[in-house]
Amino acid sequence: MNFQIFKSRNFQIALILLPIWYIIYVNLKPVTDWFIETVLGITKGAHLTEALRFFLFEFPKVLMLLVLIIFFVGILRSYFTAERTRKALEGKSTFTGNIMASLLGIVTPFCSCSAIPLFLGFVESGVPLGVTFSFLIAAPMINEVAVILLYGMFGWKVAAIYIGTGLTIAIVAGWIIGKLKLEKWVEDWVYTSKLGEGDSDDDKITFPQRIAMGYDAVKEIVGKVWLYVALGILVGAGAHGYVPAEFMASFMGKDVWYAVPLSVLIGIPLYSNAAGIVPIVSVLIEKGASLGTALAFMMSVIALSLPEMIILRKVLKMPLILTFIAIVGGGIMIVGFLFNWIM
Amino acid sequence: MNIQVLGTGCPKCKSLEKATREVVAQNNIDATITKVEDIVEIMKFNIMTTPALVIDGKVVVKGRVPSMDELKQILTNKIYIL
């Protein structure tokens, strides 16, 4: 056993912070109640009290979950570089390749601004087009912030449904795109241009450096999304007592057959990060929208967006972009209908 | 020293270029800095995540913006982790 790790500052800090995190997290509810009822001493059950209680409890809770999980995701992701993922996918048969690409899409660090170099790097080194698409669908759709927020606000079942259906869509959509042989709709220069000699991607990162990458991920991601989370939960708190509970039922309820396709069509061009959309979805559901419809809306907002399509237009011809949108959008609609039907 | 900043124009690419110029100026490093925005040129370095920093033809940073301290280490002592 190597005890060297205990000498690392990054590791020591993590070891101290973890129990502190736990103590605060388990006491969040009693502390909030004590603060509302004893310190502020306001009437229990009043609209404003309950809205305040909702915000003061939900916001720190979700924020703490984000910090903890993003930290571990940051460490995990330091093991999955784009180069390694490509190596794993090179020459993989379809279907197995689609499954692997979708799974790797979840854990490989991805930013939509890197979509083009990633696409070129995959396709030009021999990863099949359909497998590349499975990756490109899964990577933005199954977003760690969305998973954490869904877990925090709805519990693990909804989070698991989201991961499971998102994976299925990425696998099947990529597989279909592969079967359709759409290489002709990739811009011609993509296959003629050549990748340069790569630098070897040998791994010199030590574990303390990976912990540092976990801290960096927290700083970067939580630093970027906390405001959206706060705003989303504030809207949720505001709607809590003031908007009638069945308000959304007539637009987005189970019995409105066109609600799913309409939500998806509205969601496709919209662009929002997961942190902003999940709290809004939670309001929709609380006010009578059905789970399937709300989930379909959220998925289409996160997975497909106008800015991403404009970026991809550099390497894909229009018919392929439209096919891509149609297949993924169709998959999301099926998921929406399925959940409205079984739940 | 020949420094190239690779990036298609995303916000992170711009902040890497800015940080690199600052570190070079502050430490009186003798270097020419060029920004490479053409995707075909970028792919010649066989990287898949932008932004990236290239010193004398060698990729030293990819997919992230290092802190000013780390950048100084990289540019003055050529110490880096990929």
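Here is a tour that goes from whole chains down to single residues.

**Before you click**

What you have on screen is a predicted model, where local features need pLDDT of at least 70, side-chain atom pairs count only at pLDDT 80 or more, and totals for chains, interfaces and linings use all residues. Residues are numbered from 1 along each chain as its sequence is written, while chains are lettered from A and ligands numbered from 1 in the order in which they are written.

**Stop 1: chain A as a whole**

Select chain A and colour it by secondary structure. Along the principal axes, the C-alpha atoms of chain A fill a box of roughly 70 × 60 × 30 Å.

For 343 residues, a compact globule would have a radius of gyration near 20 Å, and chain A agrees with its 22 Å. That radius is taken over C-alpha atoms, and the globule rule is 2.2 Å times the number of residues to the power 0.38.

Of the 343 residues of chain A, 40% are buried. A residue is buried if 20 or more other C-beta atoms lie within 10 Å of its own, exposed if 12 or fewer, and partly exposed in between, with C-beta atoms placed from the backbone.

**Stop 2: the two domains**

Now colour residues 10–79 of chain A as domain 1, and 82–190 + 242–342 as domain 2. Those bounds come from an automatic or database domain assignment. The C-alpha centres of the two domains of chain A lie 30 Å apart.

Where they meet, 10 residues of domain 1 of chain A are in contact with eight residues of domain 2 of chain A; contact means that the C-beta atoms, placed from the backbone, lie within 7 Å. On the domain 1 side, the touching residues are seven nonpolar, one polar and two charged. For these classes, Ala, Val, Leu, Ile, Met, Phe, Trp, Tyr, Cys and Pro count as nonpolar, Asp, Glu, Lys and Arg as charged, and the others, Gly among them, as polar.

**Stop 3: the core**

Next, show side chains for A:Ile137, A:Leu149, A:Val278 and A:Met298. These have the most contacts inside the largest nonpolar core, which has 109 residues. Such a core is a set of buried Ala, Val, Leu, Ile, Met, Phe, Trp, Tyr and Cys residues joined through C-beta atoms within 7 Å. Helix 9 (residues 156–179) of chain A gives the most to this core, with 10 residues. Both domain 1 and domain 2 of chain A supply at least three residues each to this core.

Which residues does A:Leu149 contact, leaving aside neighbours within four places in sequence? Pick out A:Val62, A:Ala274, A:Ala275 and A:Val278.

Then select helix 7 (residues 129–141) of chain A. How many of the residues of helix 7 are buried? The count is 13 of 13.

**Stop 4: chain B**

Switch to chain B, with three helices and four strands in the order β-α-β-α-β-β-α along the sequence. Its C-alpha atoms fill a box of roughly 30 × 20 × 20 Å along the principal axes. A compact globule of 82 residues would have a radius of gyration near 12 Å, and chain B agrees with its 11 Å. Buried residues make up 39% of chain B.

**Stop 5: where the chains meet**

Show both chains. Here 19 residues of chain B are in contact with 21 residues of chain A. On the chain B side, helix 2 (39–43) and strand 4 (58–62) each supply at least two residues, and helix 2 of chain B has the largest share, with four. By class, the chain B side has 11 nonpolar, five polar and three charged residues.

**Stop 6**

Most residues other than glycine have a negative phi, and most peptide bonds are trans. Zoom in on B:Asn28, in the loop between helix 1 (11–26) and strand 2 (32–36) of chain B, where phi is positive at about 50°. With 7 C-beta neighbours inside 10 Å, B:Asn28 counts as exposed.

Move on to the loop between helix 2 and strand 3 of chain B, where you'll find B:Asn46. B:Asn46 has a positive phi of about 55°. Is B:Asn46 buried or exposed? With 20 C-beta neighbours inside 10 Å, B:Asn46 counts as buried.

Finish at B:Pro51, in the loop between helix 2 and strand 3 (52–55) of chain B. A cis peptide bond joins B:Thr50 to B:Pro51, with omega about -5°.

Technical notes. Contact = placed C-beta atoms within 7 Å.
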